[in-house]
Amino acid sequence: MNSPFQKLKDNRTAILLAEIGAYLHDLGKARNDFIEHYAQNGGSGWDGHNFPSIFPDELKEALSKSKVQICNEQISLLDFVEKHHKEKEGGGNLKDCEVPPLVRLLYARWNGYDGMDSGLDKGKANVKQSKNNVFIATAFGYEPKENKIKIEDADELTKQLYDAVKDALSAYITDNDIIKLRKAIIKGTKNHYLKFLGETRRSANDVTLWDHSYSVATLVKCTTVKNILDCSNASFDPLDFNWKVLSVNLDIASIIAKGIKVGDVLGYKEKIDETLDKVKVLIEVDYPLGNEIYRDTSGIYFLIPSIEIEELKVLMLNMLKDIEPEMMPEITIKEIANLQSYNYKFDCKNLQQISRDIKSQRDLFEKDKREGLTLILPEVRQIALQEISYPASSKRFVSEKFAGDWSNKEVCPICRLRPMKENSDGCKHCLERRVGRAKDWIDKNPKQTIWLDEVSDHNDRVALLVGCFILDNWLDGSFIKTMAVAINNNSPIPKNPSPARIRRCWETTQDFIESTIFTNILANFRYGEESPHLELRNKRIQFKINPNPNIPKGATCDIDLEGIRVNPVCIDENEGIFVSTIDLQILKKWGDTAQKIAEFIYGKEITVKVEGDKNWKDAKIIEVKPADEKFQNYLPYIKIYDSPDQFMAIVPAYDALDIAKKIVEEYEIQFSKVRDRLPLHIGIIAFHRKTPLFIAMDAGKKLIYEFKKDRKPIDARIDYIENRDTINNNSNISIRYGNMARKLKLVTDPSYAKTPLEWIISYSTGDPDQQDEWHPYIRINDGDPNRGSYSFDYDGNGNYVVHVKELRINDSIKIDASYLKLAYLASASERFKIDENLRPLDDIKHIDELWKDIQKIINKNNLGISQIYTYWNVVMEKCKSYDEKAWENFIKSSLINILNISPDKDEFKKLFQATKDGLLDICLNWNLQVRKLKSARGLNNE
């Protein structure tokens, strides 16, 4: 194939070596000496992180022997490290024209990508951290104790990193396997790079060495590709290049929402991941063109050079149609806008240093390029979101892939495209995908359930938990500018929305979802606490069926056992051994331990139905026992997907609100400083375990779409402010906010929140002696608030932000609202109303507090649960026919006459307000109807 892309494939080694060299350019920063040099009372002058002598001899030799040649220009990987700064070991400085052409792509004086990514912040961040309290901040200023760089561990981390690079390069020198080298370097060192900073001074300590190095390597890779394709016009001036964003897009939420069973949903998600990963390999390695810069539920996005790629699109589509033809993607391409011409050229013919006038022009041009680079991702993402739909458009639909034998066949209810046998659960393709997932589960991870009936609580209910961040204004960099990088001459300087910092933003939300929500909260939650027969909650039994149903390993069958329908999974097709896939609490009438349930069902006559059967068949259960250890103590939740902007999981309905409350508590702490600009929406959709899963998934998809609608900020008035020394007296306030924080009471328009919001906003850092002067800035109305060095115009259009410590009572501020939806799908049609009546996210705490108050009232006034039902029913019924004033009077009289609450009591005011604003209806519906709780007195007698 004589084409540009064949040329890229033929020159893969050179392109990937240039990428690796750029990735390693700041290798010398991953060391204790660098950290201590820029700490308080540290070194002076240059830190020497580019000096060869800091590296072990074997590493230095491997770097030196590894050569990169691009268009007749050759350097070693060591040159990328040593010569990307002017300072020379032994004294003196490199002149601009002494910098090797390939290294100029990085070099800050040449407006290279090392400087373009971080140079503005490096020159302005000026607050040194103390040696024993050096922290890596998240993109939003949160510095937890686990983000502290431990000086005592740094040397060992450095050794591990250097050994990894040395070993990878040594292997490459022997085997010349560039793909293995790239994997070993860029993937193999990521965890080490994440533990070091590119800049330790605040507030540039939010960008890790990984974020910066990956961004620089990506930019260098793109320019290298452009040069390789046309060496006759090669340039090593970093300002000579433009970029595109290439995206491969799928409506992922719509695809997985088709699944009838969990295996279908997870199978689709696996195929989606496989699809996007294959695209990633194609673009990053097979035909090395660029690198992935973002991935979410809309698809995958790559930064590539500004070249024609129609041929690559054809290659991708041909590859993808064989993975999963029902998921043919939309491919979107967006090029950086044409920029105004500047007199920026410099050729080294007559001068060795770039003149001041030319440098000034180059700096202006770099600024424009950087801003264009910042905007290109959100622009292409918006285009992609508008264009993707499912099913795929006819131009991408490969109809021959679905042209099977349709005689005496039905349409598969899963894919809705292929033929299937009558009375089957699905077509061969979809069922193989479903059973394949179950086989993997049996062999690899049976302690993480994939069965809806095991997630189900003791009331037969499950819940779809959905969450959504709104990242748009962070991906385009506009909200990054609401934070300060430094305060100079009593004036805050806005942060630079560099590629690495934008990456850091979505990596922070991704890490919150992966680590905080899934790894910490869901994996460690105490499921079913206080529910009856808790000892059964995560246990399984296994048994044989006689005669053997003869279904494949990983397949399930339907069993009717004394009127209860269960769906065990086959774990041994030859012996006919099955394992239960239901929460044994549901079978509690048969025994209060797994052993007793096993004894009860032993020898029972059952009826069985397997895939393809029209009729039930008689059978018998034999050889029953508690399941083997590998199947016990499972975690009763299912991860559907996660991405930087959203997640979905299936959890027990009984626990769903408590899980969501923990998520919100963590959000309020970790995103305290930006919660006004980075909203989190949470939805909990409960349903019976026998409800078809696609109904709940469709509801979840609709709710996500509603959450992501473009909404204007809402105004809020500060009604009350409380400082940390007062807040500290409240034991319920987490110490993780730090020793500097303010509690704000915010009054908003009643259309959003009928009761004031109560927010705690931290201005602490990880160092108890250093306040955060850079992140907790709030948008304020009415122009310049005149708050001295703690307010600034963040966008140049007269829109100001004010540091939280300078906010005052009656200030009018802007907030991006966070929403909550709590719903129960009693019927399939209710999913069409799922996007109605959203509540403020703060209500998640109020619902919990209100239920506790109701239980106290029941005990204090010696009430029965029936009186709560009576009050609830009559006030909600009168709401339909009374005007507002009459209804309020009726509420008051009902509180007195039905619940025996005196009007002068605090609980009277609380219940009156909760009834009026609808919170009581939500609280009682959830706790009495969904969770089926009783009063505090009756709860233990269930």
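**Figure 1. The loop that contains S203.** S203 is found in the loop between α10 and α11, with α10 spanning residues 190-193 and α11 spanning residues 209-229. The model shown here and in the following views is a predicted one. A cis peptide bond links R202 to S203, and its omega is about 5°. Most peptide bonds, by contrast, are trans.

**Figure 2. The cis peptide bond at P547.** N546 and P547 are joined by a cis peptide bond, for which omega is about 5°. P547 belongs to the loop between β12 and β13.

Figure 3. Most residues other than glycine have a negative phi. D460 has a positive phi, near 70°, and is placed in the loop between α17 (452-455) and β9. H533 likewise has a positive phi, in this case near 55°. The loop that holds H533 runs between α19 and β12. H533 counts as partly exposed because its relative accessibility is 30%, a value between the 20% and 50% cut-offs.

**Figure 4. The six-stranded open sheet.** The strand order in this sheet is β19-β20-β9-β21-β29-β30, and the pairing is mixed. The edge strands are β19 (638-642) and β30 (839-840), each of which pairs on one side only.

Figure 5. Helix α19, formed by residues 499-524, lies across β9 (461-469), β19 and β20 (646-652). The angle between α19 and β20 is about 10°. Helix α22, formed by residues 693-707, lies across β9, β19, β20, β21 (680-688) and β29. Relative to β9, α22 runs at about 25°.

**Figure 6. The surroundings of P636.** P636 is placed in the loop between β18 (617-626) and β19. With a relative accessible area of 3%, P636 is buried, because this value falls under the 20% cut-off. Leaving aside neighbours within four places in sequence, P636 is in contact with T449, E454, V455, Y527, R537, I650, V651 and P652. T915 and P636 are 279 residues apart in sequence, and their C-alpha atoms are 34 Å apart in space.

**Figure 7. The whole protein as context for the close-up views.** The protein comprises 28 helices and 30 strands. Its radius of gyration is 31 Å, close to the 30 Å that the globule rule gives for 942 residues, so the protein is as compact as a globular protein of that length. Taken along the principal axes, the box filled by the C-alpha atoms is roughly 90 × 70 × 50 Å. Buried residues account for 59% of the 942 residues. Of the contacts with a separation of 6 or more, 72% are between residues 24 or more positions apart. The protein exposes about 37900 Å², of which carbon and sulfur atoms supply 45%.

Technical notes: Residues numbered from 1 in each chain as written. Predicted model: local features only at pLDDT ≥ 70, side-chain atom pairs only at ≥ 80, totals over all residues. Heavy atoms only, no water. Pairing = 2+ DSSP bridges. Helix = DSSP H or I, 4+ residues; strand = E, 2+ residues; numbered from the N terminus. Contact = heavy atoms within 4.5 Å. Axes fitted to C-alpha atoms, helices over the stretch in contact; angles between N-to-C directions. Rg over C-alpha atoms; globule rule 2.2 N^0.38 Å. Buried < 20%, exposed > 50% of the residue type's maximum accessible area, 1.4 Å probe, protein only. Areas by Shrake-Rupley, 256 points an atom, 1.4 Å probe, with all protein chains shown as cover.
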